[in-house]
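Hi,

Here is the structure I promised to pass on.

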Amino acid sequence: MLSTLRTAAFSAAVAAIAFTPGNALAQKKYDTGASDTEIKIGNIIPYSGPASAYGLIGKTEEAYFKMINDKGGINGRKINFVSYDDAYSPPKAVEQVRKLVESDEVLVVFNPLGTPSNTAIQKYLNSKKIPQLFVATGATKWNDPKGFPWTMGWQPSYQSEAQIYAKYLLKEKPDAKIAILYQNDDFGKDYLKGTKDGLGAKASSMIIMEESYEVSEPTIDSHIVKIKAANPDVLLIYATPKFGAQTIKKTAELGWKPLQIMTNVSASVGAVMQPAGFDNSQGVLSAAYAKDAADAQWKSDPGMMKWSEFMDKYMPGADRTDSALVYGYGAAQTLAKVLEMCGDDLTRANVMKQAASLKDFTPDTLLPGVKINTSATDFAPISQLQMQRFKGEKWELFGEIISGDVATH
Amino acid sequence: MSAAEEVVTEAPAVEAVPKRAMTLGLGTSLVVLAALVIAPVFVKNFIIFQMTMLLIYGLAVLALNILTGGSGQFSLGQSAFYAVGAYTSAILMEHVGMNYALTLPIAGIICFAFGFVFGQPALRLSGVYLALATFALAVAMPQLLKLGFFEHWTGGVQGLVVTKPDAPFGLPMSQDMWLYYFTLVITIGIYIASVNLLRSRSGRAFMAIRDNEIAASAMGVDVALYKTLAFGVSAGITGVAGGLGAIAVQFVAPDGYTITLAISLFLGMVVGGVGWLPGSIVGSAFIIFVPNIAEGISKGLSGAVFGVLLFLVIFLVPHGARQVAIVAQQMLGKLKKN
């Protein structure tokens with residue numbers, strides 16, 4: 001009975017905010033974790049352990065909310081950002097999230113990182129009806145509004161990225177003979193599925209070889225030799241950075257020049273292209289959704305100038321080539337936008353409703369044209385990427401922004 | 001300071017602990033038990049969950065304590081046994097549909113067998129070499145769990161989500177509280193069994209091997225049998241703890257059982273006092289709560305703060321909780337005399 005009243009209030013509130021900013025007609029409504037003065041946001045991220053490099057994302061988000069608070073908060077409320085270390089361990093993630101929910105009493109759990117940790121807390125948060133908002137993993141399973149209405153992704157999923165490569169190939173090289181090299185785990189398999197779905201009926205005729213490797217293998221040279229023997233003219237590389245670099249290097253050593261497409265995960269100039277050799281990397285394709293802070297072309301970009309200003313003031317001394325800084329800023333900005341849209345109705349249901357009503361939202365750090373769109377049936381905020389080609393010592397964007405929406409069910 | 005003197009004069013190997021000193025007195029045990037039984041009524045579900053984890057890790061530390069404190073063998077591979085137990089329970093519950101309580105003895109038996117078999121090659125090794133061999137086991141385990149061959153059962157990197165059991169017979173109790181009492185009963189059972197084991201003939205054989213292997217074998221102790229037996233018992237108890245851990249956390253994944261867990265358990269044993277069984281729970285509290293405290297002090301330097309805290313504990317009370325307990329007992333004794 002309350003829910004119908006609430007829905008009515010939402011629409012009123014949303015309309016009021018949209019047309020007359022600052023209108024106080026909307027009724028104030030709060031769930032645990034929100035009040036007239038404060039919104040409590042919870043987060044878990046590995047600050048220690050094997051994946052501690054990602055901890056920088058949490059620090060960036062903390063700094064971003066500090067900036068928001070210095071500017072007066074969101075609709076007059078300060079953000080209280082509580083972030084705990086889960087050390088990339090699922091049992092620890094469960095403990096820390098329960099602490100956030102039951103002891104700190106946060107309104108939402110925002111941007112928890114890692115597929116295992118998020119899988120471990122998903123059931124708990126959904127049964128408690130607490131938003132698990134903008135999870136920091138590329139697995140496709142987060143876009144499942146029916147099964148898990150309280151969980152939402154953020155970055156493009158591996159499958160949607162793979163679909164974009166498939167679309168590109170269908171358009172530019174419809175008679176391609178494709179070989180796919182993938183890591184034999186959920187990451188690699190998601191890419192494989194996305195590629196096949198994207199190629200559709202032509203998948204069976206275009207893909208001439210699927211070769212997988214184990215992440216525990218020291219080198220994948222033998223796989224490359226094997227693939228070359230099948231003589232494909234396109235090589236899709238769905239590998240983590242170390243193996244991505246090995247692949248580019250080995251194909252060059254073999255004097256083999258197929259069209260190579262590299263996953264966004266391994267598109268790092270410093271970690272992949274440089275070790276593989278810039279000479280060998282020329283012409284490799286990939287896709288991107290965020291601006292690269294190390295790229296000179298964004299120097300005078302208004303969005304990146306705002307980012308740069310933020311870095312100067314709130315995170316001096318951080319290594320700006322680290323993509324975590326761009327990532328954390330963009331994710332935090334998206335949450336700030338959602339909370340702003342919530343107005344005075346800071347219930348968990350409304351946070352999810354607003355998060356599912358983002359229309360053409362563009363955080364400062366995303367590529368021009370990449371927009372965040374969500375709906376009640378689309379819980380994948382970013383699903384657009386742009387193709388890029390490696391030239392000289394950096395990536396050059398080309399072509400249009402391509403969409404690759406993927407629903408789990 | 002007497003503590004400092006003890007350190008200097010002590011042999012570097014595992015220190016001999018007389019068997020009476022391995023347990024608490026009856027009175028103290030009852031007080032601790034009463035506290036563990038009553039506490040959950042007054043706290044939030046989250047705290048109950050933490051207390052459940054405290055008991056579970058306590059069991060795993062206890063298992064290591066039997067191995068190291070009892071039979072004098074080192075192991076950095078406990079996380080592997082813990083993982084096998086966790087996966088056994090999770091697979092039996094989710095794929096076979098077995099009742100959670102029944103999965104635990106099976107996890108225990110499988111891990112006992114696993115530990116017993118692993119104990120065979122370990123016989124040829126001792127001290128740091130044995131520690132390294134078990135270390136290899138701990139490093140290999142997460143990757144083995146990811147193997148495509150087992151993926152149908154283990155869920156690969158994605159892991160398995162486990163359903164948390166409700167309280168039976170319609171007891172008016174939250175899932176967390178029921179699981180806590182369930183764990184408590186198992187913990188007490190295993191604790192009593194362990195104390196009795198160490199007091200029995202087998203326990204005396206363990207300790208004889210620990211103190212002097214040659215002398216033990218001269219006295220007619222079957223060294224090979226008892227060493228592997230200690231490994232088996234330790235692995236079996238760790239497996240039960242792993243199974244309980246899977247049920248409490250409701251999720252198993254290879255990343256949960258890395259070498260870090262094995263080192264944590266080792267740490268818990270040292271902090272609790274090697275060879276002092278009640279110390280297991282103190283050690284378990286240390287590995288659960290101290291990282292949280294360290295994080296509260298500094299997020300960026302949580303690892304360093306944890307290191308400093310650990311260093312302080314080892315430096316000030318090298319025998320861990322046992323030493324604190326002994327000092328407390330002496331002070332109480334003096335007070336009584338006065």
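This is a predicted model: local features need pLDDT of at least 70, side-chain atom pairs count only at pLDDT 80 or more; totals for chains, interfaces and linings use all residues.

Residues are numbered from 1 along each chain as its sequence is written, while chains are lettered from A and ligands numbered from 1 in the order in which they are written.

Domains first. Chain A splits into domain 1 (2–156 + 298–378) and domain 2 (158–288 + 387–403), with bounds that come from an automatic or database domain assignment. Taken over C-alpha atoms, the centres of these two domains of chain A are 32 Å apart. Nine residues from domain 1 of chain A and nine residues from domain 2 of chain A make up the contact (two residues are in contact if their C-beta atoms, placed from the backbone, lie within 7 Å). On the domain 1 side there are four nonpolar, five polar and no charged residues. Here Ala, Val, Leu, Ile, Met, Phe, Trp, Tyr, Cys and Pro count as nonpolar, Asp, Glu, Lys and Arg as charged, and the others, Gly among them, as polar.

Next, the sheet. Chain A has an open sheet of four strands in the order E3-E2-E4-E5, with parallel pairing. Helices (H or I, at least four residues) and strands (E, at least two) are DSSP runs, numbered from the N terminus, and two strands pair if DSSP finds at least two bridges between them. At the edges of the sheet are E3 (78–85) and E5 (132–133) of chain A, each pairing on one side only. E5(A) is joined to strand E4 (residues 108–110) of chain A by two bridges, and A:Val109 stands opposite A:Gln132.

Then there's A:Met304, in helix H12 (residues 302–314) of chain A. A:Met304 counts as buried because 21 C-beta neighbours lie inside 10 Å (the cut-offs being 20 or more for buried, 12 or fewer for exposed and partly exposed in between, with C-beta atoms placed from the backbone). Leaving aside neighbours within four places in sequence, A:Met304 is in contact with A:Lys291, A:Trp298 and A:Asp364. Its C-alpha atom is 6.2 Å from that of A:Thr365, which is 61 residues apart along the chain.

Finally, the chain contact: 23 residues of chain A touch 26 residues of chain B. On the chain A side, H3(A) gives the most, with eight residues.

Cheers
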